[in-house]
Amino acid sequence: MTELSDFYFEEEKELVDGLKCPSILCDFDANCPSVVDRYYTRYYYRKSDSTQENEDHLILIHSNRVCLVGLAPSHIAFAKGIQSVDFNIGNIDRRQNHCSGKSKKGAMNLQPSSAVAIVTCTDGTQYKIVACVTGKLIEVNERLMKNPGLLAKEGDGYVAICLPKIENADVIKQSLISEELYKSQGAAN
Amino acid sequence: MSKSDIFNYLNGIGCCNTCSLRYLNGRFNNYLNVEKSLLVHGIDFETPPNKSEGEPSAKRLKQNEDMCVACLGLFSSSCLDNVLEQVFQSRDIKLYENETVLTSVSLPIIVSLRRLSIWVALNEKFPKYFSSTDPPDVSIKDVVKLILNPKICEKLNKTLELNQSGIMINLFFEYPEESEELKPLWEVKPELIAERCATPRKFNREMMTRAAFEKHFNPSKMNVHTYAKHVPVPPTFPKKQLKLDKITINGPTVFVAGRYRKLSRSLSQTPWILKGKRMMEESVSEIIVENVAEFFGVCPENVIFSSSGREDVDVRCLGKGRPFVLEIPDARKSVLPQSAAGVMEAVVEKTHKVSIRNLQTVKREELTHIKQGEENKKKAYRALCVTNKPVTVELLKKLNISQEFTTDQITPVRVLHRRPLRIRQRKIYQIKGAISKGDYIIQVMLFVVKLFSHSCGVDDHRMIILDIITEAGTYIKELVHGEFGRTSPSICSIIGQWIDIVALDVMKIDLEWPPEVNNFTHCSS
């Protein structure tokens with residue numbers, strides 16, 4: 001029988017200036033913030049033409065300004081039940097996007113209201129997922145097509161990655177709703 | 001026709017004895033005593049040359065003993081003595097402690113032009129001895145160096161070294177009326193000049209360079225008759241002497257290699273500057289450079305640091321460390337004694353942030369190792385991970401993988417703003433998962449603590465230590481958590497459960513360079 005004791009960690013001795021170098025175990029933090037909390041700031045976007053229904057989007061902005069666009073947990077689609085995600089938005093298929101080089105040449109340009117995907121609910125209603133920010137489309141999360149359930153997971157459920165111009169980064173953040181404000185508005189419900 | 005005839009001819013057109021010997025193909029050691037060497041060649045240099053031919057020139061010769069149509073007085077003892085005096089008086093020369101020396105000579109194009117005229121003349125006069133394809137002389141630069149080097153070495157008490165590992169003494173000569181004398185060249189090959197005028201930028205706005213002259217002007221590549229029509233053959237007697245324009249003295253570029261360990265989780269490898277602001281006071285490269293540069297008498301800013309890859313700010317590099325090289329230009333010393341290297345290692349060690357070993361000078365050719373190591377070597381990492389459930393034997397079995405596999409990594413978001421979007425395939429050679437032995441005792445203790453305080457949330461039974469061996473270029477943090485599915489398979493997808501990385505150390509970089517040297521004990525003993 002294999003036991004836990006068979007997997008005991010043995011550390012080599014490492015000296016610095018004659019002293020023992022701190023073990024990696026000292027760095028353990030069981031409550032270490034999640035990947036999203038470590039590197040991203042949450043922002044929210046509300047469609048200006050949105051009717052009574054909640055169509056809030058969640059934008060995770062990395063400290064290097066890269067934006068991961070997805071749906072906020074309060075989005076009506078989750079309540080209705082999600083059937084599928086499609087990147088063919090009618091006139092164009094966002095999966096056709098290609099970018100090359102450091103400067104992401106050839107990428108599709110997005111406006112905040114540009115659709116990047118369409119989500120279909122179990123009742124047949126469709127909602128557009130929009131870019132929320134101005135920038136270049138870097139990639140779409142094709143894994144959502146096979147597994148639409150991922151959409152509900154923060155991080156894994158990102159729909160598209162956008163790269164705003166460096167000079168627009170601050171303006172974009174101002175155009176969105178901060179996490180603090182969003183929560184105070186009680187929109188999270 | 002004999003060597004004597006050639007000598008007399010050269011002497012007649014106004015060549016000094018040294019230059020005559022050059023055109024007589026004098027061997028290298030002949031130039032230290034030109035007169036004796038000429039005698040060996042069967043030449044009685046004291047007999048006046050054949051009157052019928054050399055009379056007008058010989059007269060001019062008498063006006064200025066030092067002058068020569070070929071070297072423009074460079075080989076005259078007054079000129080050479082002046083050069084040596086200026087070298088020895090130079091303040092810079094005393095700054096360099098390197099034990100070897102080398103001279104370089106830069107001559108104006110006019111010297112090449114005059115050589116060409118003599119070449120054309122000799123071809124015509126002595127076709128049996130000279131040809132259009134083989135150089136007619138022993139290079140003027142080589143002869144200058146041959147004469148100067150022994151004298152410089154003796155006076156400075158240094159040895160001659162041709163591989164540029166010592167002091168470089170660069171002598172720049174100029175000729176006051178050069179451009180005037182070069183003008184006729186425009187008529188010889190007008191198309192060449194036209195091209196250079198039409199595209200000045202391509203040629204750095206220079207009408208003629210030595211390299212271009214030597215490429216386009218030699219007896220086999222031009223019309224000799226056109227040349228002789230525009231340029232005097234043999235050359236006319238010069239009015240001015242060649243002048244020493246300036247002397248520059250440089251130390252060699254020394255390469256110092258070693259391996260570093262990075263022991264801090266808040267230290268970047270090179271200065272980290274964001275939007276013009278420094279994010280951190282120090283960096284690995286600066287700590288190393290500032291402790292090495294001074295010994296070589298060089299400003300730390302001028303030293304170039306390179307290494308075989310790099311680690312993130314919050315990642316330590318342990319074990320034998322990571323190979324690095326410092327490129328130290330204009331060094332005042334060529335050698336790094338073990339004792340001095342040991343002191344540097346000891347001082348860096350005291351920072352407790354960085355540790356260096358195996359410090360040694362290496363040859364420029366060896367630098368290729370470091371870049372190779374960056375691309376095709378294996379790397380060993382240790383990742384401290386946290387799961388959302390207590391670790392079980394089943395989980396640990398899944399995390400002990402000895403079978404090599406490949407993972408597809410899309411460029412991580414954290415570097416996506418400055419790197420192209422690509423899917424990289426990386427080999428994972430081995431994964432070993434372990435748990436800390438102390439965990440269960442600590443757990444019980446912590447459980448007790450927890451009963452009294454809700455703030456303490458440490459529960460080490462969710463801790464896993466992963467030893468991972470991968471191909472260079474694998475992003476380890478993303479390999480563990482999978483970055484939202486962008487790295488696949490990931491450790492997270494393999495175990496089918498949430499896992500995150502808390503801390504990371506580089507354990508081994510599979511590059512056995514530079515060789516191990518034990519400076520540290522050398523210095524402390």
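Reader: Which residues does B:Ser307 touch, when residues up to four places away in sequence are not counted?
Author: This is a predicted model, in which local features need pLDDT of at least 70, side-chain atom pairs count only at pLDDT 80 or more, and totals for chains, interfaces and linings use all residues. Residues are numbered from 1 along each chain as its sequence is written, while chains are lettered from A and ligands numbered from 1 in the order in which they are written. Two residues are in contact if their C-beta atoms, placed from the backbone, lie within 7 Å. With residues up to four places away in sequence left out, B:Ser307 touches B:Arg322, B:Pro323, B:Phe324 and B:Ile370.

Reader: Does B:Ser307 count as buried or exposed?
Author: B:Ser307 is found in strand 8 (residues 304–307) of chain B; helices (H or I, at least four residues) and strands (E, at least two) are DSSP runs, numbered from the N terminus. A residue is buried if 20 or more other C-beta atoms lie within 10 Å of its own, exposed if 12 or fewer, and partly exposed in between, with C-beta atoms placed from the backbone. Because B:Ser307 has 26 C-beta neighbours inside 10 Å, it counts as buried.

Reader: How many Å apart in space are B:Ser307 and B:Ser90?
Author: In sequence, B:Ser307 and B:Ser90 are 217 residues apart. In space, C-alpha to C-alpha, the separation of B:Ser307 and B:Ser90 is 37 Å.

Reader: How many Å apart are the C-alpha centres of domain 1 and domain 3 of chain B?
Author: Chain B is divided into domain 1 (74–250), domain 2 (253–375 + 515–525) and domain 3 (378–509). These bounds come from an automatic or database domain assignment. Between the C-alpha centres of domain 1 and domain 3 of chain B lie 66 Å.

Reader: What is the strand order of the open sheet of four strands in chain B?
Author: Two strands pair if DSSP finds at least two bridges between them. Strand 1 (residues 100–106) and strand 2 (residues 159–160) of chain B pair in the parallel sense over two bridges, with B:Thr100 opposite B:Thr159. Strand 1 and strand 3 (residues 167–174) of chain B also run parallel, joined by six bridges; B:Ser104 stands opposite B:Asn170, and B:Ser106 has B:Phe172 as its bridge partner. The open sheet of four strands in chain B has mixed pairing and the order 2-1-3-4.

Reader: Which strands are the edge strands of this sheet?
Author: In the order 2-1-3-4 of chain B, an edge strand pairs on one side only. The edge strands are strand 2 and strand 4 (243–250) of chain B.

Reader: Helix 7 of chain B packs on the sheet; what angle does its direction make with that of strand 1 of chain B?
Author: Axes are lines fitted to C-alpha atoms, for helices over the stretch in contact, and angles run from 0 to 180 degrees between N-to-C directions. Helix 5 (residues 77–89) of chain B packs on the sheet and touches strand 3 and strand 4 of chain B, its direction making about 35° with that of strand 4. Helix 7 (residues 140–156) of chain B touches strand 1, strand 2 and strand 3 of chain B. The direction of helix 7 makes an angle with that of strand 1 of chain B of about 145°.

Reader: Why do strand 6 and strand 9 of chain A each have one side without a neighbour in the sheet?
Author: The open sheet of three strands in chain A has the order 6-8-9 with antiparallel pairing. Strand 8 (residues 115–121) and strand 9 of chain A are joined by five bridges, and A:Ala115 stands opposite A:Val130. Strand 6 (82–86) and strand 9 (126–130) of chain A stand at the edges, so one side of each lacks a neighbour because each has a single partner strand.

Reader: How many residues of chain B are in contact with chain A?
Author: On the side of chain A that touches chain B, helix 1 (35–39) and strand 10 (135–140) of chain A each supply at least two residues. The 37 residues of chain A in this interface are in contact with residues of chain B numbering 39.

Reader: What percentage of the residues of chain B count as buried?
Author: Chain B has 21 helices and 16 strands. Of its 525 residues, the part that counts as buried is 38%.
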